[in-house]
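Biologist: Hi, I've got a new chain open and I'm still learning to read these. Can we go through it together?

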Amino acid sequence: KTSRDMGDMAEGGSLFGAAALLDKLREAFAKDGTALHESEAILDELKVVMLRFSALPPAIPATPTSTQKNELLVAREALEFGALLAVRKSEINQFERHIAQLKTYYSDCASLLTESSRQYPLLGLNLLRLLAQNRIAEFHTELEQLPAEQLHTNAYIKFPAQLEQHIMEGSYNRVLAANQGGFYKQEGMYFMDMLVDTVRDAIATCSEKA
């Protein structure tokens, strides 16, 4: 066998092992918060296997092979679980790092991969995070990078955009009511609780000035 054939076999073996770990990660994550440590351990193991992948950023081929496309899909989903697990652990910096990595897959790989069902829920969570941290300039930068139609049609993007509008208008009661509505019932509630604290601080500041 040629060295290229051997390389292809090695890539295939790494992909097979990674896919098996990803299946285990999906199962563990589906247990909600009861298997947090198990999910983390599987994700760490998966990331080690992914180091043997040949097509991950910044080395994305212009025309990836079928195996390389599958590597990208596995890596993208692993990072998505990493972001969601970070929220469950209340690790905001870790969430931010995973989102930064995912943006490459969502933009640079958009023409190579099918769209992820988690893309806009996660990007919406990131907008919610920026809003909760009162990082309004970055919030607007992120919004501007999204397709314009998503601002009007995608519920995960519309929700934080509307919350920001309420805050700018001083309609704080609407923000508090949105929190009680529970649009984000799991991972997003962490950022919603943060946002409520931010809004209450703003209300207190306004009261002091008055």
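Biologist: Leaving aside its neighbours within four places in sequence, which residues is His 166 in contact with?
Modeller: Bear in mind that this is a predicted model. Once you skip those close neighbours in sequence, His 166 touches Ser 171, Arg 174 and Val 175.

Biologist: And where does His 166 lie? Is it buried or exposed?
Modeller: His 166 is part of helix H8. It counts as buried because its relative accessibility is 16%, and the cut-off for buried is under 20%.

Biologist: Which helix packs with H8, and at what angle?
Modeller: That's H6, residues 136-144, and H8 itself covers residues 155-169. Their axes come within 12 Å and cross at roughly 145°. The crossing of H6 past H8 is left-handed.

Biologist: Which residues make that contact?
Modeller: From H6 you have Ile 136, Phe 139, His 140 and Leu 143, and from H8 there are Ile 157, Pro 160, Ala 161 and Glu 164. By type, the residues of the H6 and H8 contact split into 6 nonpolar, 1 polar and 1 charged.

Biologist: Let me zoom out. How many helices and strands does the chain have?
Modeller: There are 10 helices and 0 strands. Out of the 210 residues in the chain, 42% are buried. Also, take the contacts with a separation of 6 or more: 66% of those are between residues 24 or more positions apart.

Biologist: OK, another helix pair. How do H2 and H3 pack?
Modeller: H2 is residues 36-50 and H3 is residues 66-88. They pack at an angle of about 150°, and the axes are 10 Å apart. H2 also passes H3 in a left-handed crossing.

Biologist: Which residues meet there?
Modeller: On the H2 side it's Leu 36, Ser 39, Glu 40, Leu 43, Leu 46 and Met 50. On the H3 side it's Val 74, Ala 75, Ala 78, Gly 82, Leu 85 and Arg 88. The contact of H2 with H3 has 8 nonpolar, 2 polar and 2 charged residues.

Biologist: Which ring does Arg 88 lie over?
Modeller: Arg 88 lies over the face of Phe 29, at 3.7 Å from the ring centre. There's also Arg 118, whose charged end sits over the ring of Phe 81, 4.5 Å from the centre.

Biologist: Switching to rings: how many aromatic pairs are there?
Modeller: The count is 3 aromatic pairs. One of them joins Phe 95 and Phe 191, with 5.3 Å centre to centre and 55° between the planes, and that pair is tilted.

Biologist: Why do they count as buried?
Modeller: Phe 95 is buried because its relative accessibility is 0%. Phe 191 is buried because its value is 1%.

Biologist: Which residues form a cluster through ring pairs?
Modeller: Phe 95, Tyr 190 and Phe 191 are linked that way.

Biologist: How far is Gln 133 from Phe 191?
Modeller: They are 58 residues apart in sequence, and 8.9 Å apart in space from C-alpha to C-alpha. Gln 133 lies in the loop between H5 and H6. Leaving aside neighbours within four places, Gln 133 is in contact with Ile 92 and Met 194. It is partly exposed, with a relative accessible area of 26%.

Biologist: Last one: which peptide bond is cis?
Modeller: The bond from Pro 57 to Pro 58 is cis, with omega near 5°. Pro 58 is in the loop between H2 and H3.

How values were computed:
Residues are numbered from 1 along each chain as its sequence is written. This is a predicted model: local features need pLDDT of at least 70, side-chain atom pairs count only at pLDDT 80 or more; totals for chains, interfaces and linings use all residues. Side-chain values use heavy atoms; hydrogens and water are left out. Axes are lines fitted to C-alpha atoms, for helices over the stretch in contact, and angles run from 0 to 180 degrees between N-to-C directions. Helices (H or I, at least four residues) and strands (E, at least two) are DSSP runs, numbered from the N terminus. A crossing is left-handed if the near helix is turned anticlockwise from the far one by less than a right angle, and right-handed if clockwise. Contact means heavy atoms within 4.5 Å. Ala, Val, Leu, Ile, Met, Phe, Trp, Tyr, Cys and Pro count as nonpolar, Asp, Glu, Lys and Arg as charged, and the others, Gly among them, as polar. Buried means under 20% relative accessible area, exposed over 50%, partly exposed in between (1.4 Å probe, protein chains only). Rings of Phe, Tyr and Trp (its six-membered ring) pair if their centres lie within 6.5 Å; planes under 30 degrees apart count as stacked, over 60 as edge-to-face and the rest as tilted. A charge sits over a ring if NZ of Lys or CZ of Arg is within 6 Å of the ring centre and within 35 degrees of the ring normal.
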